[in-house]
Amino acid sequence: KMKIQKFIGALVIFFFLVNSSLIKNESLTFDEPVHIKAGNLFNRGQFWFDPMETPLIRSTVVTIANHLNVDHRFVILSLNTSLFTILGLLFPPSVQIFLYFLVLTDPGLVSFSHLFVTDVLSSLFAFLFYLNIRKKNPNIINCLVFFALASASKVATLAFIIPATFIFWRHLGWRKILAIFTTTFLFVWWTYGFSSLIIFERYPIFVPFGGYLRTIKENILFSLRGQPIFFLDKVYLHSPWYKTFLILLFKIPLPILLISLFSFKQARYYKKDLILWTLYLVVQSSKSLNFGSRHLLLFNIIFILIAAFSLSKIKSKVLAISLVSLQLILFLNIYPYTLSFANFYLPNREKYLSDSDYDWGGGLLYLSSFIKEAKISVFQLAYSGNIDPLLTLGKYHRISDNNPVASLSVQDVSPNMPTFISVTCFHACGYQDHPLFASRPYTLVAGSFMYFQ
């Protein structure tokens with residue numbers, strides 16, 4: 001038993017170390033500077049900046065990072081690692097081993113656990129609430145804590161935790177549920193400093209709890225109107241309904257999918273769970289703003305948990321070792337470019353990237369400032385995204401990229417010209433294998449660009 005516990009501890013430590021190595025080798029994604037700025041403003045009581053996200057995670061991470069003088073991503077990684085550890089402790093050691101191993105080798109969870117985004121932490125809060133409320137006699141304190149934390153971390157979790165509450169309501173009863181809702185209301189309002197804020201700009205009335213209500217409103221409007229999304233070599237103005245299903249099929253590693261699907265014969269014993277997850281999948285698929293992998297991490301977690309239970313009970317050691325080995329091979333094959341993972345049976349992997357795999361264009365603004373300050377007049381650029389760099393940077397030498405809207409023609413790479421390659425393009429366009437750039441030193445500039453001088 002002691003050996004098992006030591007091995008489990010080693011897996012948790014290794015998860016932290018693997019993500020730490022990625023922090024040192026990757027630039028910030030475009031979302032992260034926004035989170036940092038918002039966190040600083042929230043701590044000063046200014047809640048007007050970027051109302052798409054709630055204050056809790058942003059202000060907590062920024063406060064700890066500033067106090068300890070460490071990178072914000074080390075803080076979010078430490079919080080995520082702690083919650084994954086808590087999740088594992090809910091299950092027997094035989095399940096923990098496989099659970100931690102699959103978390104460690106899941107490219108999706110690894111990719112977003114070390115980025116300063118709110119998705120992993122909020123998904124874990126929501127999932128821990130689900131695990132508690134589905135019990136026959138759930139602990140009300142645990143349910144209250146995780147419901148409140150999930151609600152205050154990201155309003156998108158409401159699409160999961162509220163249906164879960166009503167589907168399993170008999171396990172708690174209406175009085176306890178009402179107590180959870182009331183306490184959560186007060187906790188969320190506390191994260192906004194008990195302030196009164198404007199919900200609708202057209203009607204500038206300061207409303208108590210208005211900050212959270214405005215965030216809900218902004219998320220609903222954003223999800224209804226959608227935005228351009230690059231997927232399957234096309235730019236969609238509204239995400240196709242089948243994109244969610246394809247992302248799960250493409251981005252969740254094949255061994256986890258196979259083990260989980262083989263376990264679905266047991267689904268008839270878990271009808272309420274099946275209803276909840278089906279409803280959540282339908283909601284995620286029906287929105288015009290149908291993002292990608294990091295907004296579907298709840299599915300990664302449930303598939304991993306099902307797979308861990310299945311592996312712990314599997315009778316054939318050869319089959320178990322084969323599946324675990326395949327999972328490890330897939331991870332090592334893509335490491336350290338975990339963000340651009342897609343299952344090996346897919347040709348032209350870059351076609352299947354979505355969500356944070358792409359810089360949505362904001363990084364070009366920072367790059368433009370850097371180029372002006374460095375007084376660089378001639379340069380070549382490889383940029384992945386759905387914005388034409390010509391609009392922001394002016395004329396440049398375009399080299400092979402993955403940009404469907406770029407207007408300039410692609411030219412051959414010049415070995416003597418200053419070169420900028422967006423991090424995503426470096427991963428997805430083959431530059432990590434290019435003889436000119438594979439082992440050449442570079443500087444990370446403008447948040448999300450590799451600069452080869």
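In the predicted model, helix α7 is mostly covered, with 15 of its 15 residues buried, where buried denotes under 20% relative accessible area for a 1.4 Å probe and protein chains only. Helices (H or I, at least four residues) and strands (E, at least two) are DSSP runs numbered from the N terminus. From its first C-alpha to its last, α7 reaches 21 Å, close to the 21 Å expected at 1.5 Å a residue, the expected span being 1.5 Å times one less than the number of residues. Residues are numbered from 1 along each chain as its sequence is written. Because the model is predicted, local features need pLDDT of at least 70 and side-chain atom pairs count only at pLDDT 80 or more, whereas totals for chains, interfaces and linings use all residues.

Helix α7 (119–133) is also one of the helices that each supply at least two residues of the lining of the largest pocket, together with α12, α13, α14, α15 and α16. A pocket is here an open set of points on a 1 Å grid over the protein atoms alone, where a 1.4 Å probe fits, with protein on both sides within 12 Å along at least five of seven lines, and lining residues have an atom within 4 Å of a point. Of its 36 lining residues, S263, F264, Y270, I302 and I306 are the closest to the centre, and the largest share of the lining, 9 residues, comes from α15.

An open sheet of 5 strands has mixed pairing and the order β6-β5-β7-β9-β8, with β6 and β8 as the edge strands.

Methods. Side-chain values use heavy atoms; hydrogens and water are left out. Two strands pair if DSSP finds at least two bridges between them. Buried means under 20% relative accessible area, exposed over 50%, partly exposed in between (1.4 Å probe, protein chains only).
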